[in-house]
Amino acid sequence: MIAGAAAAPGRMRLSVALLAVSLVGPTGPFDIPLFATPPVPAAHGVARLVYASSPFGIAVTADGRARYDIQVTAAGLPAPSTLGAFTTYVAWEVTPDLDKWIRLGPITNGTTTVGSAEANKFLFVVTAEPGASQSVHTGPTVLHGTSPSGWLQSFLTHPLFRGVY
Amino acid sequence: MRTRSALLFVATILCAGAHVVAAQKTAAPPTKQLPPGMQGMPGMNGDTTKAHANATAPSKAVTTASGAPMSGMAGMQSGAMVMPIPMPPGMPMMPGLVGLTPVGSTFLPGAGVDPSRVPMVKPTTVARLKNGDTLDLTAKLVRRTIRGRSFVMYGFNGEVPGPLIRVPQNATITVRFHNQIDLPSSVHWHGVRLDNRFDGVPEITQAAVPAGGSFVYRVHFPDAGVYWYHPHVREDIEQPLGLFGNMIVDSPDRNYYSPVNQEQALMLGDLLANADSLIPFGKEGPDFALMGRVGNVLLVNGEPHYSLSAHTGDVVRFYLTNVASSRTYNVSFGGAAIKVVASDQSRFEREAWVPSVVLAPAERYIVDVRFEHPGRYVLVNSVQAINHYKGEFEPEVDTLGTVTVGATKSASDFGQQFATLRSNAEVSHDVDRYRPYFDKPPDKKLTLTVETSALPLATVQFMSIDTAYFAPVEWVDGMPDMNWLSTAKQVRWVLRDDVTGKENMDIDWHARQGSVIKLRIFNDPKSFHPMQHPIHLHGQRMLVLSRDGVPTSNFVWKDTAIIPVGSTVDLLIDASNPGAWLLHCHIAEHMGSGMMAVLHVDPR
């Protein structure tokens, strides 16, 4: 830790996020805190990124993007049917512009491993769906979070880069 | 522009003062322990100027490995002082760092020597040696031309890489090392489980070999595979300047690997240069201490462009070694199929298809690649750089070389063998002997962290705010200005024993020969500058048991393992080779900033 770090906006945001994670279980440096939407106010969870299996120390794509399996721990999710004509919850890797949804797999309360995410930055979204094999999201979002890489900040306008102190 | 210049000037003055007074909370005592081989360098006769000679010269265009121009400092045309460090395209240097230079004096090889009298580098030769043979290995000055620029550098026997030593498994050879460079040196036989006396570590197993001195090594090769040799004195200087070479140890089993049409040993490294010269090195200790020196010219076997000719259908075995000081590679072969066969000290339990090959510094991988169709295959290093300025990932692709595949078909078609993923029962049976230890509690625990003091204020401020996300692996140096200005006097990388609290060379681990040690390593993401560390253990072999609680499913014996930021990695050490063995980060500048400890394996 360094002097002044506690006042850094990024760190404050991270602290809030990690506090949310702690409600579910142990925190890790690559945990995604999951936040509930209004239809499921009691739901909460965390998605932990762990490197996918690889002969190397880390798993990456040919162009160098990290490949993660995601361990999802969720609690407080009601039966999907309480939200409508739904039978299951499905996890998705979603590009930050919401343009591309990649199905990761069904999840339940408790811990489930789904995988694998390969985007540099992504949103992790859980929706209620009519079937476990759903390839296109149709139902309401119940949990969502942002990959830690999404916390990367732009310093374009920071005084450090403008020579102002 | 005038206003901007004025601001830059004021910032420079402010930060020059801050350079002295800034005190981080984690500041290490100024009397930090210097690691072996890093104490003041008697015999160094390089440039002793206080600041880099071209620190005030305007930055000129520098060519990246991919051939793209590497910009000078954006916005620096105002005439303000600029640094000689090439910045990534589009990345401005931080105004608060303008005009600063690293603490201490600088070094470049061959000071006072007429470059025209330094012999040109020679192509690498293959030294096929049998048990009992002797090799003379001389570190000397060589002249190399890289991208049209001539540099005085180092080479073993005048070659870069040094001679490729090829020996049968279980051979013992004698190497008469002669040091004819302008620094003390030694030779470490990386990954080889040899007699401790010949491990090449000054102040642990031998005295550094002074300029003009000699040392005789006897090297025994118990394990088949690919290894490499390099100095263990000021690796941050001697290694990037050319002192490295491969060793291939051949199994007596002709079917040890699948058949291939040809073999290639590729040593992947990099070099940091501006338009006119090499970027000088810190004389008293490493500069670039935060991230290690990340070159802007990528080299294969010392050259910026590697080329190979092959026939259609050829299977080529590549022995890959990362000899860079800091860079982690992600290498692929233009879409050709890649099968990973072996790593540091053994074959894998099971061969596997991979999209690319990830190599941390000092790691080796043996891969078979099939070039199925005629054409040009481009060997590339593809990574995702982080632009800290924009807060974005940016793909970065560097061309390392090309494989030209002619229309003529292979003389021998090994397509069938290539298509088969072999299981190596011998490896599994060997590993089986250690499975009873897999679930035991850790015998030792290490935390990896860093302490800093008196870094430039702008660096401290940036690090303070850039904490929301840390990459598990930093592939490139996104902030070379900050990195350059950090030296081993200000940065202390730390291996901390979680039980005793001892750090680095104060750690005094002992184990009985034949014992099996479970070592848990945690790379603390909350340190001032978290970064991945390739941890290397001399003279033994180890298994990576798990990463972040996920068990390894396909074992291979390793001597170097990458520990990503935030990760917890369990290693199982086969402590079978008696002696005092170094455990350290293989980022040369991290080791040179303290990140090393000793494991004593006491004889039975």
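Here is a short walk through chain A and then through some of the strands of chain B.

Keep in mind that this is a predicted model. Let us start with chain A, which holds 2 helices and 8 strands. Followed along the sequence, its elements come in the order α-β-β-β-β-β-β-β-β-α. Of its 165 residues, 41% are buried.

Now move to chain B and find strand β24, residues 392-409. Strand β16 (residues 306-312) of chain B pairs with β24(B) in the parallel sense, over 7 bridges. Within this pairing, B:Leu308 stands opposite B:Val403. Strand β23 (residues 375-387) of chain B also pairs with β24(B), but in the antiparallel sense and over 13 bridges. Here B:Gln384 faces B:Pro395 across the pair. β23(B) and β24(B) form a hairpin with 4 residues between them, and B:Gly391 in the turn has a positive phi of about 75°.

Further along in chain B, look for an open sheet of 6 strands, ordered β26-β25-β28-β33-β30-β31, with mixed pairing. Its edges are β26 (491-497) and β31 (550-551) of chain B; each has a single partner strand, so one side of each is left without a neighbour in the sheet.

Conventions. Residues are numbered from 1 along each chain as its sequence is written. Chains are lettered from A and ligands numbered from 1 in the order in which they are written. This is a predicted model: local features need pLDDT of at least 70, side-chain atom pairs count only at pLDDT 80 or more; totals for chains, interfaces and linings use all residues. Two strands pair if DSSP finds at least two bridges between them. A residue is buried if 20 or more other C-beta atoms lie within 10 Å of its own, exposed if 12 or fewer, and partly exposed in between; C-beta atoms are placed from the backbone.
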